[in-house]
Amino acid sequence: MPINILMPALSPTMEKGNLAKWLKKEGDKVKSGDVIAEIETDKATMEVEAIDEGTIAKILVPEGTQDVPVNDVIAVLAGDGEDVKAAGSAKPSASAAPPKAAEAPAAAPAPAPAAPKAAPPPTAAPTPQATASAAQGNGHAGRVFSSPLARRIAKEAGIDVGMVTGTGPHGRVVARDVEQAKSGKGLKAPAAAPSGGAPSIAPTMSDKQILSLFEPGSYDIVPHDGMRRTIAQRLTASIQNVPHFYLTIDCDIGKLLASREEINAAAPKDKEKKPLYKISVNDFVIKAMAVALQKIPNCNVSWTESGMVKHHHSDVGVAVAMPGGLITPIIRKAETKTLSTISNEMKDFAARARTRKLKPEEYQGGTTAVSNLGMFGIKDFTAVINPPHATILAVGTSEERPVVRGGKIEIAQMMSVTLSCDHRAIDGALGAELIGAFKQLIENPVMMMV
């Protein structure tokens, strides 16, 4: 019986992916473990491995296809001894497929059995637009039926195909529907929130209303990619659902800068006489935050509805800018690592993040995060907490400022940091203890080593 190869879920929150490249072609034999395709998610490009042996009889989703739903059939595999031509001409059936026909590298570890079941992240739920379109007959279970050409035109025009009224067979959205939607015709009204249910989090203005405020031809629309949509959904949900409060403190990093200079000057060299590491201020920040959480363990937590998750280690996510958005690779057990190890891990993460080569387990989870805009000259700012974290530290620039010591004005190298806290998990006094512990460590870096 033909084996269906399905679009795999590369992370717990993945709903769709882009089929970037086929590494095998029709007629090629594959065995378990062979890499057969590359899939792009909103944050990474992953290799997909076959878990069955046979011959690729038919490729149903060509490379370059975007927004392929998880568990859609992307190819058909003929088993050993099976007629390849017959398998390729057979109509794919979900029931004919085994539970898995392709697999990707392991995603983030599952939570411990004792942990309560968490609510699904924002990216896992159908959008209000998808729900509305399903209720109006051209889809089901949040999926919108549309032609490939219609989806491509909609993507290029920045139009949500789920908001377009379909006039094709069975309400299918076709190209002419999207062309009409460009001029504001045939768009659906946003779905109303169910009576007695949670209020809708849809924008206060529809796309049509926003565009009507500007002269036609005076703007270009750049469609959102998956990463930008995910960032928007998660941060909107965070601000709406997590009660933030903020604590700002100034740190004298004169000793840190002197230590950094000495450490880098003493760094061993490789065969090409290049230093094996170069410590940055941000490496000190990561280490100080990790150690501070160990000193104030009641801040190293995650909120769940039925209990507080108290973490044993400080897994520090670090915001890294990349084309179209940002990602937070995680330094695991950062409190146990040397500055040179942290520095080299961050350099590797940053390089692979910009080419979307990070694995899900390298950026999912964590117990806190650091966001540093000091290199852009920003003095101070507040950052949005990324659940399941209960804190995030926003780091500003280092600059010379006048300070008063012993009744005299002196010049010191100062850096402002702002701690965002989840008030459900951390109260004001507890948050003050954490940022105070961070200040003590960052101002006296030798204390990070004991």
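Tutor: Start with contact: it means heavy atoms within 4.5 Å. This is a predicted model, where local features need pLDDT of at least 70, side-chain atom pairs count only at pLDDT 80 or more, and totals for chains, interfaces and linings use all residues. Residues are numbered from 1 along each chain as its sequence is written, and side-chain values use heavy atoms, with hydrogens and water left out.

Student: Which residues is I442 in contact with, leaving aside its neighbours within four places in sequence?

Tutor: The partners of I442 are C251, D252, I253, L256, F284, V285, A288, M415 and M448.

Student: How do I read a nonpolar core?

Tutor: A nonpolar core is a set of buried Ala, Val, Leu, Ile, Met, Phe, Trp, Tyr and Cys residues joined through side-chain atoms within 4.5 Å. Buried means under 20% relative accessible area, exposed over 50%, and partly exposed in between (1.4 Å probe, protein chains only). In the largest core there are 75 residues, and L393, I426, F438 and I442 touch the most other members.

Student: Which helix gives the most to this core?

Tutor: Helix α8 (residues 281-295) does, with nine residues. On names: helices (H or I, at least four residues) and strands (E, at least two) are DSSP runs, numbered from the N terminus. Another core lies apart from the largest one; it has twelve residues, among them A150, A154, I159 and V173.

Student: A150 and A154 belong to that core. Which residues of α3 are buried?

Tutor: First the general idea. An α-helix has 3.6 residues a turn, so residues three or four places apart point the same way. Now the case: A150, I153, A154 and A157 are buried in α3. Down the axis of α3, these buried residues fall within an arc of 100°, so they line one face of the helix. The arc is that of the directions from the helix axis to the C-beta atoms. P148 and E156, on the other side of α3, are exposed.

Student: What do the buried residues of α3 pack against?

Tutor: They pack against α4. In helix α4 (residues 175-182), the buried residues are A175, D177, V178 and A181. Their arc, seen down the axis of α4, is within 160°, so they also line one face of the helix. What covers them includes α3 (148-157).

Student: What happens at the start of α3?

Tutor: A side-chain oxygen of S147 reaches to within 3.0 Å of the backbone nitrogen of A150.

Student: How do I read a sheet?

Tutor: Look for pairing: two strands pair if DSSP finds at least two bridges between them.

Student: How many bridges join β1 and β8?

Tutor: Four, in the antiparallel sense; strand β8 covers residues 73-78. N4 has V76 in β8 as its bridge partner. V76 is also the bridge partner of K58. Between β6 and β8 there are four bridges. β3 and strand β6 (residues 54-59) pair over two bridges, with V30 opposite G54.

Student: Which order do the strands of the six-stranded open sheet have?

Tutor: The order is β12-β21-β20-β19-β15-β18, with mixed pairing. β12 (244-252) and β18 (330-331) stand at the edges with a single partner strand each, so one side of each is left without a neighbour in the sheet. Strands β15 (residues 316-318) and β19 (residues 368-372) pair in the parallel sense over three bridges. There, G317 stands opposite A369.

Terms used:
Polar contact = N/O pair within 3.5 Å; in protein donor to acceptor, adjacent residues only side chain to side chain.
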